Amino acid sequence: MPPKTAVSVGKPPAELYHGLEQFNRREFFECHETLEALWLAEPGPVRELYQGILQVGVGFYHLLRGNRAGALGLLGKGIGHLAPFVPERWGIDVAALLRDARRWRRAISRGRTATPDDLPQIVYKRPD
């Protein structure tokens, strides 16, 4: 059996953009499942990108359910995983997502709550 090839080289997997669509529809649990499958299968460094996006999504999931401590913790972890991919990766505006996650983390620490409409969208353009 040939060795597994990292998806971090070349074209991004279609499932990544499906996960981003789920994030933008506020389907954070589903987004987590989609990106976790990519993260677990990816041996290369881009796995950190998947993990960062899913952790930001789960952070927002916790925020919407009133779990401020969970939101703060997961946003913080997600921020750490996203930083190496600024400003963008595979058409994803990682810099904007990172700014939004940091802004929300500060706001939550000051007591801010949110509705789904308050939360940011991930800006991306699928590469051709």
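Reply: Happy to. This is a predicted model, and its largest nonpolar core has 35 residues. F23, I53, F60 and W104 have the most contacts inside that core.

Me: Nice. Which helices supply at least two residues of this core each?
Reply: α1 (14–24), α2 (28–41), α3 (47–64), α4 (68–82) and α5 (94–109).

Me: And what does I53 touch, leaving out residues up to four places away in sequence?
Reply: With those left out, I53 touches L20, F23, L35, L82, I92, L97 and I122.

Me: Let's switch to packing. What angle do α4 and α5 pack at?
Reply: About 150°, with their axes 10 Å apart. That makes α4 roughly antiparallel to α5, because the angle is over 145 degrees. Their crossing is left-handed.

Me: Which residues meet there?
Reply: Among them are L72, L75 and I79 from α4, and L97, A101 and W104 from α5.

Me: How far apart are the axes of α3 and α4?
Reply: They are 7 Å apart, and the packing angle is about 160°. α3 and α4 are therefore roughly antiparallel as well. α3 passes α4 in a left-handed crossing. The residues that meet include G52, V56, G59 and F60 in α3, and G70, A71, L74 and G78 in α4.

Note on methods
Residues are numbered from 1 along each chain as its sequence is written. This is a predicted model: local features need pLDDT of at least 70, side-chain atom pairs count only at pLDDT 80 or more; totals for chains, interfaces and linings use all residues. Side-chain values use heavy atoms; hydrogens and water are left out. A nonpolar core is a set of buried Ala, Val, Leu, Ile, Met, Phe, Trp, Tyr and Cys residues joined through side-chain atoms within 4.5 Å. Buried means under 20% relative accessible area, exposed over 50%, partly exposed in between (1.4 Å probe, protein chains only). Helices (H or I, at least four residues) and strands (E, at least two) are DSSP runs, numbered from the N terminus. Contact means heavy atoms within 4.5 Å. Axes are lines fitted to C-alpha atoms, for helices over the stretch in contact, and angles run from 0 to 180 degrees between N-to-C directions. Angles under 35 degrees count as roughly parallel, over 145 as roughly antiparallel, 65 to 115 as roughly perpendicular and the rest as oblique. A crossing is left-handed if the near helix is turned anticlockwise from the far one by less than a right angle, and right-handed if clockwise.
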